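Subject: Handover of a structure and findings

Dear colleague,

Please find below the structure that I am handing over to you. I would be grateful if you could read the notes after it with the model open.

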Amino acid sequence: MPPNNELELNDIQSGVLRPRPSPYAATYILMRIDDRRAGRELMRRLAGVVASAAHTTSPAAADTWVSVSLTYQGLRALGVPQDSLDSFAWEFQQGMAARAKALGDVGEASPENWERPLGTHDVHVVVTALSPDQQGLEAAIGRARAAFSDLPGVQPIWRQDCRALATEREPFGFRDGIGHPAVEGSGIPGSNSKEEPFKAGEFVLGYLDETGAMPPMPRPEVLGRNGTYVVFRKLHQRVAAFRQYLKENAGSPDEQELLAAKMMGRWRSGAPLALSPTRDDPELGADRTRNNDFMYSDDATGYKTPPGSHVRRANPRDAQVAGVVRLHRMIRRGTAYGPELPEGALEDDGIDRGLMFAFVGAHLGRQFEFVQSEWMNGGDFLGLGDVKDPIAGVQDAAGAYSFPRKPIPRMLRGLPQFVLTRGGEYCFMPSLRALRWLADLET
Ligand code: HEM
């Protein structure tokens, strides 16, 4: 076995480690396996379509990729032996729908209201294609489609197309896809020079993690090593409600922009409040060498970046919070779906729009579920009591959010819930070797 920090890039799927390109076009295709032999043939063919993470030097090849992941039900449908199935993370075995309460997917967002087939046992395989442009995407989808179009025992059952909006922002209007952690041995730089690279085991199974231990890995080793866990969530965004809330709670357009920034922790251009606390700075927002280059220790109270704002609670960096921040980091990718709500529109047009949120990490529990349940939907770690994330949190009747301001803090109430879960899945993204192992199963 190679030394622990030497990542076997040619065995790891490209979709694990690479930040998504900007602009981008992406497609998610969900499949059901009706016949295990056909499912295994699909794995064999897809192993030839999926790019490895080794293509770090060619941006054109590296930014277009097809990735494949499987749900617990998918591994079962392929005939993976039970003792192996039992060795996966327990959250993964249960599936996202079963974890709804812990994730805050309740009421309108509860699994019985999810878009079908999300959250059902029919979702077995998730194929994702991503490229900087539509042409590259079509080519990548074509390669994936060739793998399943003549296999009657596997059925495509759902598809979601995503593409960068003309503004290159997410639907609320903020630049996205900025932060990316550096992973030791990946050859891909992180976006914050002040953040130490992470041990590979935080993001890829089979390597030491930040605790100095090997993360629990599915058995046999050929199946687990170089794989990782992936979370997909389709998140509907109530853009009109967000705009209305800003309008009702701030006076001038400039004040509305400041309020939006105090909720996100960044101006819409992407410029962080940490570096530009009083006014937007679009040049800074667009500058990849500067727009994530900061920490919070010079702003303990949060006069610049509120502790409860989305980006600071999702990654408190070096701020004082209960817990060890480096154990809750994630690789994340958001890709927008649906058309933009026309600029200035304050009424909902009834069209579905939002983000396909994707998480990548070796620890479903202490990374994704922890951030979602403790940091997004709780405020105790900040000493804020039960105050939720103002952007992505599940709001209760009070809908309270406050941020430090001189001479007195600004208190907001009646914050509606701006984001609604439409469904999602916990998946395992196997290595290329594991895809071939799955193809060769004989049970
Ligand atoms: C529709 C819902 C969401 C929207 C509109 C949204 C939007 C954003 C935006 C605009 C950024 C700043 C850009 C960047 O740092 O790359 C960001 C950062 C981030 N978001 Fe979200 N987000 C959403 C949901 C979530 C969820 C559900 C999670 C995790 C459970 C999450 C975790 C993060 C993290 C970890 C960061 C990086 C923070 C940092 O390193 O400074 N987001 N989000």
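The notes below begin with the ligand and then turn to individual residues.

The model is a predicted one, in which local features need pLDDT of at least 70 and side-chain atom pairs count only at pLDDT 80 or more, whereas totals for chains, interfaces and linings use all residues. Residues are numbered from 1 along each chain as its sequence is written, and side-chain values use heavy atoms, with hydrogens and water left out.

The ligand and its surroundings

The ligand sits in the largest cavity. A cavity is a set of points, on a 1 Å grid over the protein atoms alone, where a 1.4 Å probe fits but cannot get out; a molecule sits in one if more than half of its atoms lie within 2 Å of its grid points. Two or more residues of the shell around the ligand come from each of strand 5 (228-237), helix 13, strand 7 (354-361) and helix 14 (364-376). Helices (H or I, at least four residues) and strands (E, at least two) are DSSP runs, numbered from the N terminus.

There are 27 residues around the ligand, and those that come nearest are Ile178, Gly179, His310, Asn315 and Arg317. A residue counts as near if one of its heavy atoms lies within 4 Å of the molecule. The shell is made up of 14 nonpolar, six polar and seven charged residues, where Ala, Val, Leu, Ile, Met, Phe, Trp, Tyr, Cys and Pro are nonpolar, Asp, Glu, Lys and Arg are charged, and the others, Gly among them, are polar.

The iron atom of the ligand has His310 as its only protein donor, through NE2 at 2.1 Å. Donors are N, O and S atoms within 2.8 Å of the metal (3.2 Å for Na, K and Ca); water is not among the atoms, so sites may look incomplete. Histidine 310 belongs to helix 13 (residues 310-314).

A backbone N or O atom of isoleucine 178 is 2.6 Å from a ligand oxygen, and a side-chain N or O atom of arginine 317 is 2.7 Å from a ligand oxygen.

Arginine 317 is found in the loop between helix 13 and strand 6 (331-337). Its phi is near 55°, a positive value in a residue other than glycine. Arginine 317 is buried, at 13% relative accessibility; buried means under 20% relative accessible area, exposed over 50%, and partly exposed in between (1.4 Å probe, protein chains only).

Other residues of note

Histidine 124, in the loop between helix 7 (100-103) and strand 3 (125-131), is buried at 7% relative accessibility. A polar atom of its side chain lies 2.8 Å from the backbone nitrogen of isoleucine 33.

Glutamine 367 in helix 14 is buried, with a relative accessible area of 0%. A polar atom of the glutamine 367 side chain is 3.2 Å from the backbone nitrogen of alanine 362.

Finally, a cis peptide bond joins serine 22 and proline 23, with omega about -5°. The peptide bond from arginine 116 to proline 117 is also cis, with omega near 10°.

With kind regards

Note on methods: Polar contact = N/O pair within 3.5 Å; in protein donor to acceptor, adjacent residues only side chain to side chain. 1 Å grid on protein atoms, 1.4 Å probe; cavity = no way out; pocket = protein on both sides within 12 Å on 5 of 7 lines; lining within 4 Å.
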